[in-house]
Amino acid sequence: MTTLEEQGIYARWLERGTRAGLVGLAIAFGVYAFELIDPLVPHAKLPDLWHLPAHHFAAATGAPTGWEWTRHLDKGDYVMLLGVATLGLVSAVCYARVIPVFARRGERVHVALAVLQILVLLAAASGLLAGGH
Amino acid sequence: MLGEIAGSGATAWWVWPIALFVVSFALGIVAVLAGVGGGVLFVPIVGGFFPFHLDFVRGAGLLLALSGALSAAPALMRGGFASLRLAMPFALVGSVTSVAGALLGLALPAEVVQLALGLTILAIVVLMWKSTTPAEGKVGQPDRFAVALGMQGSYHDPAEGRDIDWQVRRVPAGLVAFAGIGVIAGMFGLGAGWANVPVLNLLLGVPLKLSVGTSGLLLSVVDTSAAWIYVHRGAVLPMLVVPSIVGVMLGAKIGARLLRIAPTAIVRRVVITLLLIASVRAILKGLGIWT
């Protein structure tokens, strides 16, 4: 079996990032579910709200959109997004790690593909593409 | 049904995450046994029979598909059953269109998305029902795009005890197909293994095992872009996301153990029936007949 150098590097970073994200997600959910930190939206109120479209939910609760959630890390429901963000950034990190391998071999097409992929992922992560409702 | 119970308003909040975990666990088991991703079962079934808005269900569906794909990809890559070179161009196209799909899905009225989801699931049911034995990939002449992108290689298949050479044909058609798959993945939060594998295997001529493995790697990139849109639009509800992810992942582990003894043909029929019911439910919801 031929495992190329870039595959090994990508797999290693993907494994580390995914593990960190999932562990973070599980711990944060424990904090949230057992109300170790007060949530922005109390658990008991959720059944009255979760049938609403996302933008109505945000309007009714003051829930953050975009990167505003980072200002609410003192709230149990938004600590969890740290784990989600880790999962959402890990692929971009993996692509960044394999660019030097492609560049060293002079594989310009793959360098370009990796750079473009990182730009797309970062554009999505930035919130610029999400716009408003 | 569960949705009707929710409508009574008498159910304690904590019943729902527990019910979601139990249903996700069961879906994780049958998804593995039926050879489909968890997302394709999760979104129509939870969207149809739980009280959560479809925005949150799609957000959770994308994140559980993403978590499963991210977890599986490293081992598949190390084993040579997923190819980064093969995935890169298709992932790039799919991730761009999945953003468009997510934006479209969040902009359209819920009834329209429900109806489109129902019709999409119905099409998947037909595909599953009619699907024949997948091809083992044909080593034909690669096109010039495949050559330029280095889309060729070999992997060792322990089951066959030999190295299998692979190369790719019809890259432009593949790019168009993955553009469409990206839109569907982003719009409905379905994950897209059900579409990735046939396109890689039947259209591009990639051997089946490499198609399955590379599909997971593709999902991990394509779903990431769409997931960010749901995060930024506030469509990720913690109370739904974690029980769903944990349930499906634990269920998938049990499903993998049951794979040797379970009657997969029967399970497959059960899944097709479940999807059929969920698709009819989504269509009726979309048409305002059974809300």
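Residues are numbered from 1 along each chain as its sequence is written, and chains are lettered from A in the order in which they are written. In this predicted model, local features need pLDDT of at least 70 and side-chain atom pairs count only at pLDDT 80 or more, while totals for chains, interfaces and linings use all residues.

**Stop 1: chain A, coloured by confidence.** Select chain A. Its mean pLDDT (the predictor's confidence in each residue, from 0 to 100) is 92, and 95% of its residues reach 70 or more. Helices here are DSSP runs of H or I with at least four residues, and strands are runs of E with at least two, numbered from the N terminus.

**Stop 2: where the chains touch.** Show both chains. The contact takes 51 residues from chain A and 51 residues from chain B; two residues are in contact if their C-beta atoms, placed from the backbone, lie within 7 Å. Which helix of chain A gives the most to this side? Select α1(A), which supplies twelve residues. By class, the side of chain A that touches chain B has 33 nonpolar, 15 polar and three charged residues. Ala, Val, Leu, Ile, Met, Phe, Trp, Tyr, Cys and Pro count as nonpolar, Asp, Glu, Lys and Arg as charged, and the others, Gly among them, as polar.

Stop 3: Select residues 152-157 and 162-167 of chain B, which are strands β1 and β2 and pair in the antiparallel sense over six bridges. Strands pair if DSSP finds at least two bridges between them. Ser154(B) stands opposite Asp165(B) in β2(B). Four residues lie between the two strands of the hairpin, and Gly161(B) in the turn has a positive phi of about 65°.

**Stop 4: α4(B) and α11(B).** Select residues 54-78 and 238-258 of chain B: these helices pack at an angle of about 40°, with their axes 9 Å apart. Axes are lines fitted to C-alpha atoms, for helices over the stretch in contact, and angles run from 0 to 180 degrees between N-to-C directions. That makes α4(B) oblique to α11(B); angles under 35 degrees count as roughly parallel, over 145 as roughly antiparallel, 65 to 115 as roughly perpendicular and the rest as oblique. Among the residues that meet are Phe56(B) in α4(B) and Met249(B) in α11(B). The contact has ten nonpolar, three polar and no charged residues.
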